[in-house]
Amino acid sequence: MGLAMLASFALALLALSGCDSSNDSTTNQSPAQTLIQRQPFFAMGTMVEVVTYGADKKTHTAATREIENTFTELAKTWQPWQKADAPHGKLARINQDLLAGRSSLSTEKLNRIMLEASELSQQSRGLFNPAIGQLVQTWGFDRSVDLPNTLPDPATIKALIDANHGPHLLRYTAHSISSLKPVALDYGAFLKGYAVDRAIDILRDYGIEGGLVEAGGDLRVLGSKDEQPWRIGIRNPRGSGVLASISMQPGEAMFTSGDYERYFEAEVDDLSKPLAPAADGTPRFAKTKQRFHHILDPRTGYPAMGTASVTIITDEGAKADAAATALFVAGPGKWEKVAVSMGIQYVLLVDTDGNAYLNPAMAERIKFETQPEGSLLLSAPLVAKVVPQVAPQVVPQAPE
Ligand code: AMP
Ligand code: MG
């Protein structure tokens with residue numbers, strides 16, 4: 001069966017079976033007919049596509065409109081920084097207050113979402129860190145266009161790292177949020193997942209039983225299609241095309257964090273190629289081009305090294321999104337530990353040398369469409385280590 005593009009703009013999303021373009025028409029279909037309908041819109045800096053299976057056109061359109069409104073509203077609310085030409089979003093105002101050392105008005109709903117993110121941050125051992133807003137801004141990754149081409153001042157990065165910003169600084173009341181230190185929050189590593197979860201809720205509210213919501217290659221499915229699972233492609237982090245494909249179980253979310261999404265290249269010293277020292281004795285090195293991407297290691301303040309992409313499958317978009325970012329930062333050496341502490345069952349990590357790491361449960365369900373450039377490396381199963389119980393010792397009773 002040939003590969004058929006389900007979402008032409010999203011390389012990562014391919015329908016690999018039973019979904020060619022002849023049965024996705026939205027015209028002249030009776031409501032009773034099972035048909036695939038899809039409707040893209042632009043939100044959160046990416047194309048979003050709502051795909052339904054078996055819904056009538058009116059229901060599909062109404063649900064998609066509500067999903068579009070939800071995405072637009074969430075993007076406005078959670079925009080971390082005030083844009084010159086836009087009204088103040090709620091998080092932008094909170095950040096302004098927290099940076100000025102003031103407590104800020106919030107709502108129970110906003111606080112609930114921020115607490116959910118804090119909980120995920122804790123599970124990730126701080127590698128997903130929504131209190132990273134100032135670092136992201138310092139690097140210039142708070143925007144998707146006009147990225148910088150030089151590195152920020154190392155002293156600024158060091159000062160932000162030394163301040164040890166994390167969600168543990170935050171304090172909530174029913175209607176406010178404050179921080180023990182000036183801090184700026186950025187939910188960019190979590191928000192798309194949260195939005196996709198809300199979109200699935202909306203499809204369910206409309207009585208739709210089969211479909212998926214995809215945003216820039218990240219997605220969550222609802223039900224199945226003709227009792228066949230949705231089959232989805234995972235983008236190759238180097239070059240274009242599909243690295244692997246996977247069948248999704250009803251309700252599952254698949255999110256990928258990649259170093260190809262937002263980055264700039266800059267010339268840096270190649271420490272493996274020393275040159276003759278300068279006249280004043282300063283060591284000199286040949287220059288090399290290095291990629292600086294938008295996923296920052298909260299421990300160093302620099303883009304996480306060694307990972308090209310991480311794909312997570314779990315039963316919730318928000319968790320999958322946060323975990324993809326966290327495991328990207330954890331990298332080839334530490335991802336298993338973080339996956340276990342976040343309760344993630346399926347992981348594929350591709351490192352910058354093209355090696356593909358995956359856990360046995362992922363290996364069982366994934367099909368490589370392209371040979372990975374490097375080796376395939378299977379981890380141990382992702383289960384928490386059981387601490388052996390020490391049998392209680394029987395202390396002999398001393399005679400009375
Ligand atoms: P994602 O593409 O989901 O991995 O999210 C990346 C975005 O999240 C970046 O553009 C930043 O806004 C933000 N971010 C970068 N690094 C981190 C991190 N370690 N923890 C939390 N958010 C981050
Ligand atoms: Mg993420």
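## Overview

The protein contains eight helices and 19 strands. The model described here is a predicted one. Of its 400 residues, 48% count as buried. The accessible surface of the protein comes to about 19700 Å², and 52% of that area belongs to carbon and sulfur atoms.

Nine strands form an open sheet with mixed pairing, in the order 3-4-8-9-12-15-16-17-19. Its edges are strand 3 (36-43) and strand 19 (376-378), each of which pairs on one side only. On average, neighbouring strands of this sheet are turned by 10° against each other, direction ignored. Within the sheet, strand 15 (residues 307-314) and strand 16 (residues 346-351) run antiparallel and are joined by six bridges.

Helix 6 (residues 191-205) touches strand 4 (46-53), strand 8 (211-215), strand 9 (218-222) and strand 12 (253-258), and its direction makes about 25° with that of strand 9. Helix 7 (residues 317-342) touches strand 9, strand 12, strand 15, strand 16 and strand 17 (356-358); the direction of helix 7 makes about 125° with that of strand 15.

## Val221 in strand 9

Val221 lies in strand 9. With a relative accessibility of 0%, Val221 falls under the 20% limit and therefore counts as buried. Leaving aside neighbours within four places in sequence, the contacts of Val221 are Ile200, Gly211, Leu212, Trp230, Met248, Gln249, Pro250, Gly251 and Glu252. Gly210 is 11 residues from Val221 in sequence, and their C-alpha atoms are 7.7 Å apart.

Strand 5 and strand 7 pair over two bridges, and Leu105 has Ser176 of strand 7 as its bridge partner. Strand 6 and strand 7 pair over four bridges, with Leu170 opposite Ser179 in strand 7. A hairpin through two residues joins strand 6 to strand 7.

## Helix 2 and its cover

In helix 2 (residues 90-99), the buried residues are Leu91, Ala92, Ile94, Asn95, Asp97 and Leu98. Their cover includes helix 1 (57-77), strand 5 (104-105), helix 3 (108-123), strand 6 (170-173) and strand 7. Just after helix 2, Gly101 takes a positive phi of about 80°.

## Nonpolar cores

The largest nonpolar core has 65 residues, of which Phe71 and Leu185 touch the most other members. Helix 7 gives the most to this core, with 14 residues. Apart from this core lies another, of 21 residues, among them Val51, Tyr53, Trp230 and Ala356.

Beyond its neighbours within four places in sequence, Leu185 is in contact with Pro80, Leu91, Ile94, Asn95, Leu98, Met114, Pro130, Ala131, Gly133, Leu170 and Ile177. Among these contacts, Leu91, Ile94, Asn95 and Leu98 are buried residues of helix 2.

## The magnesium site

The magnesium ion (ligand 2) is coordinated at 2.0 to 2.5 Å by Ala189 (O), Asp321 (O), Asp321 (OD) and Thr325 (OG1). Along the chain, the donors of this ion follow the spacing A-x131-D-x3-T. Ala189 lies in the loop between strand 7 (176-179) and helix 6, whereas Asp321 lies in helix 7, so the pair ties together parts that are 132 residues apart in sequence.

Asp321 has a relative accessibility of 7% and therefore counts as buried, the cut-off being under 20%.

Note on methods. Residues numbered from 1 in each chain as written. Chains lettered and ligands numbered in written order. Predicted model: local features only at pLDDT ≥ 70, side-chain atom pairs only at ≥ 80, totals over all residues. Heavy atoms only, no water. Buried < 20%, exposed > 50% of the residue type's maximum accessible area, 1.4 Å probe, protein only. Areas by Shrake-Rupley, 256 points an atom, 1.4 Å probe, with all protein chains shown as cover. Pairing = 2+ DSSP bridges. Axes fitted to C-alpha atoms, helices over the stretch in contact; angles between N-to-C directions. Contact = heavy atoms within 4.5 Å. Core = buried A, V, L, I, M, F, W, Y, C linked by side-chain atoms within 4.5 Å. Donors = N, O, S within 2.8 Å, 3.2 Å for Na, K, Ca; no water.
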